[in-house]
Amino acid sequence: MSVSSLTLLSSLHISDFDQLTSFPVGMLENSTNLVFLYIGCLPKLMSLHRELDNLVALKSLCIVGCNELASLPEGLKNLTSLERLEIRDCKSLLSLPEEGLLGMTSLCDLYIHSCGKLTSLSGLQYLTALETMVITGCKEVAMLPNGMENLRMLRMLLIHGLPNLVSLPDGLRQATSLQRLNLGSCKSLVGLPEWIENLISLRSLRICNCPNIAILPAGLKRRAPLLELEIKDCPQLKGHNHHQGSSHSYSWNRFH
């Protein structure tokens with residue numbers, strides 16, 4: 001029995017096929033009821049081609065440990081029901097499919113981890129339903145895309161391990177739903193924009209191991225909605241690095 005004949009299949013886990021370079025043609029073409037798909041530990045997988053085009057009911061997609069996968073298909077635009085996308089340890093991935101992301105109108109949660117050759121995040125600006133964005137360990141990414149003002153639903157943004165990131169995009173000033181902002185190990189980040197003071201929903205700001213940030217917006221702590229500010233291993237922020245005997249950490253909570 002082939003997977004293509006299992007038309008009522010709702011969950012599929014494909015992993016640990018060391019020699020698999022591509023999926024059999026038509027493998028998933030009848031899987032229109034598939035809700036969860038995990039593709040992992042396929043070190044020689046080079047292409048997904050059109051295998052995802054018909055997965056109109058898919059809500060969660062995880063692509064993990066596909067070291068030879070250099071691109072994702074534009075057919076992702078057909079995944080209009082997708083709510084969660086995780087891409088992790090895809091060491092050859094160079095970019096995201098911009099046109100493919102344009103169709104993901106239901107995507108709420110995006111996680112991209114340890115894709116060391118990824119240089120561009122262009123396309124993220126089209127994810128207008130996005131609530132959580134986590135980008136970690138993507139060492140070649142130097143900027144977030146323009147157009148981030150479209151992410152009006154974004155509630156949590158976590159950026160960690162982007163050593164070439166120089167600044168936050170100006171469009172984020174329109175992220176009026178943003179409640180949590182975490183920045184870590186962004187060693188080229190030289191400061192935070194003044195408009196962070198105006199993020200009306202921001203409750204928590206954490207900054208860790210960003211050694212070149214030398215100043216915070218002056219009115220940040222006076223903002224009524226901000227409940228938590230944590231700074232760690234940011235030696236140039238001298239006015240903040242003096243909590244509980246440590247020379248490199250500071251935390252502040254409005255309720256203390």
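Student: What is the relative accessibility of Cys41?

Tutor: This is a predicted model, in which local features need pLDDT of at least 70 and side-chain atom pairs pLDDT 80 or more, while totals for chains, interfaces and linings use all residues. Residues are numbered from 1 along each chain as its sequence is written, and side-chain values use heavy atoms, without hydrogens or water. Buried means under 20% relative accessible area, exposed over 50%, and partly exposed in between (1.4 Å probe, protein chains only). Cys41 counts as partly exposed, its relative accessibility being 34%.

Student: Which cysteine holds the sulfur closest to that of Cys66?

Tutor: Cys66 counts as buried, with 0% relative accessibility. Its sulfur has its closest cysteine sulfur 5.0 Å away, which is too far for a bond; that sulfur is in Cys90.

Student: How many disulfides does a search of the whole structure find?

Tutor: The closest cysteine sulfurs to those of Cys41 and Cys66 are too far for a bond. Over the whole structure, the number of disulfides found is zero.

Student: Where is Ser114 found?

Tutor: Although Ser114 is not a glycine, its phi is positive, near 50°. Ser114 is partly exposed, with a relative accessible area of 31%. Ser114 is found in the loop between strand S5 (109-113) and strand S6 (132-136).

Student: What is the phi of Asn209, approximately?

Tutor: Asn209 lies in the loop between strand S9 (204-208) and strand S10 (228-232). This residue counts as partly exposed, at 24% relative accessibility. Asn209 is not a glycine, yet its phi is positive, at about 55°.

Student: What percentage of the residues of the chain count as buried?

Tutor: The chain has 256 residues. Cys66, at 0% relative accessibility, counts as buried. Over the chain, the buried share of residues is 47%.

Notes
A disulfide is a pair of cysteine sulfur atoms within 2.5 Å. Helices (H or I, at least four residues) and strands (E, at least two) are DSSP runs, numbered from the N terminus.
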